[in-house]
Amino acid sequence: MEWQTYIFAFLVGGAITMLGQLILDFTNFTPGHVLSGFVVAGGILSGLGLYEKLIEFAGAGATMPISSFGNALVQGAISEAERSGVIGVLTGMFELTSTGITAAIVFGFLIAVIFNPKG
Amino acid sequence: MSTKKIGKQTYQPDNPPVLISTGTVVGPFEGQGPLKDYFDHIYTDLTAGERSFEAAEKEMLLNACFTCLNKANVTPQDVDFFLAGDLLNQTISSGFSALELRIPYLGIYGACSTSAEGLCLATMLVDGGFASYVLAATSSHNASAERQYRYPTEYGFHRKPQVQWTVTGAGAALVTPDGEGPRITRFTVGKVHDLGIKDPLNLGAAMAPAAADTIVRHFADTGHGPDYFDLIVTGDLGKFGYQLTVKMAESNGGFDLTKNYKDCGLILYDTGTQDVHAGGSGCASSAVVTYGYLYKKMMEGELKRILLVATGALHSPVSCYQGNGIPGIAHAVCIEMI
């Protein structure tokens with residue numbers, strides 16, 4: 001791995017998240033809009049084959065932002081569709097993302113059991 | 001033909017009812033503000049020892065009501081009507097409080113204008129001869145309101161400068177025909193206004209047109225101007241709504257509010273050190289400031305005549321999701337020591 005990767009990761013990840021911050025600061029979109037908008041945008045770029053290229057270029061700069069989740073949804077669906085046909089679009093969608101989703105549910109549950117909300 | 005109506009939207013009771021006592025409770029954050037000495041009880045914990053924030057809000061409302069009744073030496077059995085409203089769905093804080101108070105209950109909803117709405121209705125009931133005692137109360141709670149309307153803490157939302165801070169607390173006032181205390185001499189019932197502000201994070205701006213309209217209407221109906229009052233207070237317009245109201249009162253009616261106009265949401269907190277952004281909001285904002293701070297200032301003789309203009313935003317999360325504007329309302333109540 002070349003050392004420049006760190007710089008590209010910083011710049012690309014920073015650009016994506018800065019875009020989110022600008023949308024929040026200068027439009028009436030809510031964090032919910034930004035979140036789902038970035039997931040959909042990542043999915044579309046993934047379908048066009050562009051997001052994988054961005055990951056090759058920027059590494060964690062592209063995989064860390066939430067747009068990577070949209071990419072993972074689409075990549076899972078595409079690869080499963082290649083193996084088992086149309087129905088694979090449905091079964092494969094959560095294949096790559098199941099770790100993240102399950103972790104969110106499990107850790108959310110554990111934290112809710114242990115702590116009381118303060119506000 | 002109404003004999004009590006003056007002008008278009010203002011009413012004047014024949015026998016101005018008395019606010020014979022009040023009760024106010026606030027949360028820990030409000031209890032650190034500049035008005036802390038004026039409240040009857042300050043909770044040290046946001047949950048008030050209850051299982052949920054919603055239960056805490058009900059506990060606060062009940063506490064304010066009982067404090068108010070105890071001060072006047074009146075039992076719930078003596079009270080004819082309990083008028084209450086809050087911000088939670090189906091106004092559960094009020095309904096569940098009424099269950100325990102055992103006072104005949106009329107639920108009201110004017111969002112954050114509920115305090116003034118309650119006082120308007122209580123005045124009608126008392127002056128109309130329907131009641132000897134009316135208890136008007138309202139509450140709001142930061143955590144329960146955020147959960148319902150905005151962003152609960154878990155969501156990790158970055159608050160914008162124009163966002164306001166929902167006040168945790170409850171206020172109650174006991175209205176009766178005779179006794180010692182400030183009296184409600186006039187009130188103006190406001191119309192609903194919507195000038196197209198759709199941002200639920202900028203409620204002060206959404207409510208300002210209603211506030212300005214009700215203030216101008218009250219002046220036009222009564223022939224009084226801003227100078228007639230020692231103090232004019234709006235409920236919870238915050239920094240931006242306050243500036244807008246001053247501008248609109250000037251442009252719509254030519255009234256200069258800059259001398260004696262304040263906003264409850266701005267005086268409740270020390271905006272320099274307490275991070276409330278644009279100021280306080282919620283039903284409790286006007287209720288605790290008026291029934292706590294202003295009521296005591298009136299009893300001490302420092303204020304003789306005030307105009308309370310409580311403002312409310314009549315949207316719901318669903319109406320916002322569906323792209324509607326945020327209608328605002330404001331009711332004005334003139335409270336005087338006479």
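**Reading the helices, the core and the loops**

Reply: Start with a helix pair: the axes of helix H2 (residues 31-47) of chain A and helix H3 (residues 50-58) of chain A come within 5 Å and cross at roughly 95 degrees. Axes are lines fitted to C-alpha atoms, for helices over the stretch in contact, and angles run from 0 to 180 degrees between N-to-C directions. Helices (H or I, at least four residues) and strands (E, at least two) are DSSP runs, numbered from the N terminus. This is a predicted model: local features need pLDDT of at least 70, side-chain atom pairs count only at pLDDT 80 or more, and totals for chains, interfaces and linings use all residues. Residues are numbered from 1 along each chain as its sequence is written, while chains are lettered from A and ligands numbered from 1 in the order in which they are written.

Me: How are H2(A) and H3(A) oriented to each other?

Reply: Angles under 35 degrees count as roughly parallel, over 145 as roughly antiparallel, 65 to 115 as roughly perpendicular and the rest as oblique. H2(A) and H3(A) are therefore roughly perpendicular.

Me: Which residues of H2(A) and H3(A) meet?

Reply: Two residues are in contact if their C-beta atoms, placed from the backbone, lie within 7 Å. Gly42(A), Leu45(A) and Ser46(A) come from H2(A), and they meet Leu50(A), Tyr51(A) and Glu52(A) of H3(A). By class, that contact has three nonpolar, two polar and one charged residues. Ala, Val, Leu, Ile, Met, Phe, Trp, Tyr, Cys and Pro count as nonpolar, Asp, Glu, Lys and Arg as charged, and the others, Gly among them, as polar.

Me: At what angle do helix H1 (residues 4-26) of chain A and H3(A) pack?

Reply: The angle is about 135 degrees, and the axes of H1(A) and H3(A) are 8 Å apart. That makes H1(A) oblique to H3(A). Phe8(A), Ala9(A), Val12(A) and Gly13(A) of H1(A) make the contact with Leu54(A), Phe57(A) and Ala58(A) of H3(A). Here the classes are six nonpolar, one polar and no charged residues.

Me: How many helices and strands does chain A have?

Reply: Chain A has seven helices and zero strands. Its C-alpha trace spans about 50 × 35 × 35 Å along the principal axes.

Me: What share of the residues in chain A is buried?

Reply: A residue is buried if 20 or more other C-beta atoms lie within 10 Å of its own, exposed if 12 or fewer, and partly exposed in between; C-beta atoms are placed from the backbone. Buried residues make up 20% of the 119 residues in chain A. Now take a helix in chain B. H3(B) is mostly covered, with 13 of its 14 residues buried.

Me: What span should helix H3 (residues 114-127) of chain B have?

Reply: The expected span of a helix is 1.5 Å times one less than its number of residues. For H3(B) that should be 20 Å, and its end C-alpha atoms are 20 Å apart, which agrees. Just after H3(B), Gly129(B) takes a positive phi of about 85 degrees.

Me: Which residues touch the most other members of the largest nonpolar core?

Reply: In soluble globular proteins, nonpolar side chains tend to be buried together. A nonpolar core is a set of buried Ala, Val, Leu, Ile, Met, Phe, Trp, Tyr and Cys residues joined through C-beta atoms within 7 Å. The largest one has 106 residues, and Val134(B) and Leu135(B) touch the most other members. Beyond its neighbours within four places in sequence, Leu135(B) contacts residues including Cys65(B), Phe82(B) and Leu174(B). A second, separate core of six residues includes Ile16(A), Tyr51(A), Leu54(A) and Ala58(A).

Me: Is Gly171(B) buried or exposed?

Reply: Gly171(B) counts as buried because it has 36 C-beta neighbours inside 10 Å. Gly171(B) is found in strand S9 (residues 169-176) of chain B.

Me: Where is Pro16(B)?

Reply: Look in the loop between strand S2 (10-11) and strand S3 (18-26) of chain B. Pro16(B) has 19 C-beta neighbours inside 10 Å, so Pro16(B) counts as partly exposed.

Me: What phi does Ala48(B) have?

Reply: Ala48(B) has a positive phi of about 50 degrees, although it is not a glycine. Ala48(B) is buried, with 21 other C-beta atoms within 10 Å.
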